[in-house]
Amino acid sequence: MQSFEQYIDGAFEDGSARFASIDPATGKVWATMPEARGTDVDRAVKAAEQALWHGVWPAMTATARGKLLYRLADLVQANAPKLAELETRDTGKIIRETSAQIAYVADYYRYYAGLADKIEGSTLSIDKADMDVWTRREPIGVVAAIVPWNSQLFLAAVKIGPALAAGCTLVVKASEDGPAPLLEFARLVHEAGFPKGVLNVITGFGPTCGGALTRHPGVAHIAFTGGPGTAAQVVRNSAENLASTSLELGGKSPFIVFADADLESAANAQVAGIFAATGQSCVAGSRLIIEASVKEQFLSLLKTKAEAIRIGAPLDRATEVGPLCTGRQREHIARVVAASISAGAKLITGGRAAEGEGFYYQPTILDCDGVNSPSIETELFGPVLSVVSFTSEDEAATLANATPYGLASGVFTQNLTRAHRMIKRIRAGIVWVNTYRAVSPIAPFGGYGQSGHGREGGLAAALDYTRTKTVWLRTSDDPFPDPFVMR
Ligand code: NDP
């Protein structure tokens, strides 16, 4: 049985209590985790506040902060195999995906390492003769970074990288499901030589640990990734201290295929869009919107591909679809699939929990044409694709936007002018044309509507972790003029 520790103020320690972590491939306990409660959260935020204002960190140049981030990136890269194995063990995400993703996480840290000393204020051409006026970009303060169970190292990196580049300090809360890789990552932060208190990593339960963190008066900004219901609670909590928020939430992303598309290529992308990571991806292309004239042909292609997927142990490199992270996630999926079939959706393939131990669920396709299927509206966060068809471009755009979410979308067509029209019409933060599920530290990422606000990735994300201070310097030696007139 493995045992993990939380990281507060530069020290590794047990939490106020401990809880068991389940291996999703077996359904059995494999490790114990430290549970942070109110007092742990309070100590972590106070350590981050202390590090923000006093000691080495605020005195460090931005270039020196960047060098620390480069060192962290190298350590993440060197330890990627170990971190990937831990993530796979604790969340069930397949080793093929965790290995590739965590090696790439190092590049996110490199991107923000390079950006640290390029965050600039500006000199203003002010409309007053005897004044020099300029702005400084200062760290926003202590950041609470909260991530869900899927891709914890990746989702944390897109918050930690820009926040540290901007000079902030952080308390990172790992999800209670699968926190092992983030707790282990804290050891790399320590080894990289960040001053104590700059980055603290805790885990614990949502309402207690997450609640205490988001209501803490020492927190200036909350960078949250999770579901819209939890996000609403986080925003209510943030109001107590008027902390700012950035919210990366769920999705019900449309995957639109026109008859003129390269159907083989689109089918491969659709498999990546809905079955990769066992569908536990915020950008999952979970609604296939297919031109009616090629619907049967495309579904037949997809069915063949879905049924050829290798379901198996997540640590096996040959596995393509592993278990879901939790038993309750599988129950949620099974419930919605059953309700959708009762509502009239036609099961093309899958629709059942896979045999044996662990939280497996078969890759599933539901034909929802003409049916009011709950699977079309509900984010399932699992390997379930709902299909509807269209007969005109206008109808395709209307169907794509028929959701309160707006995170990602895919458009498959060889018609360039149509692609441009669709790019403008789709209400989503990302449009992938003839590709899907591509990400980069250089490209902004975030949603419209119920998919949240704020963007991660790119230069703007680092600026979001700063506040602007405006400096007015009077250059005249004359006495201060009439005090009763605003200058
Ligand atoms: P949740 O919203 O349930 O949880 C997200 C995080 O919030 C977890 O760390 C959770 O802790 C914590 N939390 C729960 N309750 C509270 C609270 N009252 N106050 C503060 N924090 C709290 O999301 P899921 O774990 O169910 O993750 C799946 C969701 O995340 C999906 O909707 C998915 O689309 C979205 N997501 C969005 C991404 C994006 O970039 N847009 C990327 C990945 C996922 P605990 O786990 O301990 O309960």
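Reader: Let's start with Thr 278. Is Thr 278 buried or exposed, and how do I read that?

Author: Happy to begin there. The model is predicted, and burial is read from relative accessible area, where buried means under 20%. Thr 278 has 3% relative accessibility, so Thr 278 counts as buried. Thr 278 sits in the loop between helix H10 (263-275) and E14.

Reader: What is the phi of Thr 278?

Author: Thr 278 has a positive phi of about 55 degrees, although it is not a glycine. Asn 434 is another non-glycine residue with a positive phi of about 55 degrees. Asn 434 belongs to the loop between E19 and strand E20 (452-453). With a relative accessible area of 40%, Asn 434 is partly exposed.

Reader: You mentioned E14 and E19. How should I read a sheet, and in which order do the strands run here?

Author: The general idea comes first: strands of a sheet pair through backbone hydrogen bonds, either parallel or antiparallel. Here, an open sheet of 7 strands has the order E15-E16-E17-E14-E13-E18-E19, and its pairing is mixed. The edges are strand E15 (346-349) and strand E19 (432-433); each has a single partner strand, so one side of each is left without a neighbour in the sheet.

Reader: What does strand E13 pair with, and over how many bridges?

Author: With strand E14 (residues 287-291), E13 pairs in the parallel sense over 4 bridges. Within that pairing, Ile 256 has Ile 289 of E14 as its bridge partner. E13 also pairs with strand E18 (residues 410-412), again in the parallel sense, over 3 bridges. There, Gly 410 in E18 is the bridge partner of Phe 255.

Reader: And which way do the residues of strand E13 point?

Author: In strand E13 (residues 254-257), Pro 254 and Ile 256 point one way, while Phe 255 and Val 257 point the other way. Pro 254, Phe 255, Ile 256 and Val 257 are all buried. Phe 255 also turns up in a ring cluster: ring pairs link it with Phe 412, Trp 432 and Tyr 436.

Reader: What about the rings of Tyr 111 and Tyr 112?

Author: The centres of those rings, on Tyr 111 and Tyr 112, are 4.9 Å apart with planes at 90 degrees, so the pair is edge-to-face. Tyr 111 is partly exposed, with a relative accessible area of 22%, whereas Tyr 112 is buried at 0% relative accessibility.

Reader: Now the cysteines. How many disulfides does the structure have?

Author: A search of the whole structure finds 0 disulfides. Cys 325 is in no disulfide, and the nearest cysteine sulfur, that of Cys 282, is 15 Å away. For comparison, the cut-off for a disulfide is a pair of cysteine sulfur atoms within 2.5 Å. Cys 325 is buried, with a relative accessible area of 4%, and Cys 282 also counts as buried, at 19%.

Reader: Finally, the surface. Which residues make a nonpolar patch?

Author: Met 1, Ile 22 and Val 29 make a nonpolar surface patch of about 290 Å². Met 1 lies in the segment before strand E1 (2-3), and at 71% relative accessibility Met 1 counts as exposed.

Notes:
Residues are numbered from 1 along each chain as its sequence is written. This is a predicted model: local features need pLDDT of at least 70, side-chain atom pairs count only at pLDDT 80 or more; totals for chains, interfaces and linings use all residues. Side-chain values use heavy atoms; hydrogens and water are left out. Patches are made of residues with over 30% relative accessible area and no salt bridge: like charges are joined within 9 Å, nonpolar side chains (Val, Leu, Ile, Met, Phe, Trp, Tyr) within 5 Å. Accessible areas come from the Shrake-Rupley method with a 1.4 Å probe; for residues, only the protein chains shown count as cover. A salt bridge is a side-chain nitrogen of Lys or Arg within 4 Å of a carboxyl oxygen of Asp or Glu. Helices (H or I, at least four residues) and strands (E, at least two) are DSSP runs, numbered from the N terminus. Buried means under 20% relative accessible area, exposed over 50%, partly exposed in between (1.4 Å probe, protein chains only). Rings of Phe, Tyr and Trp (its six-membered ring) pair if their centres lie within 6.5 Å; planes under 30 degrees apart count as stacked, over 60 as edge-to-face and the rest as tilted. Two strands pair if DSSP finds at least two bridges between them.
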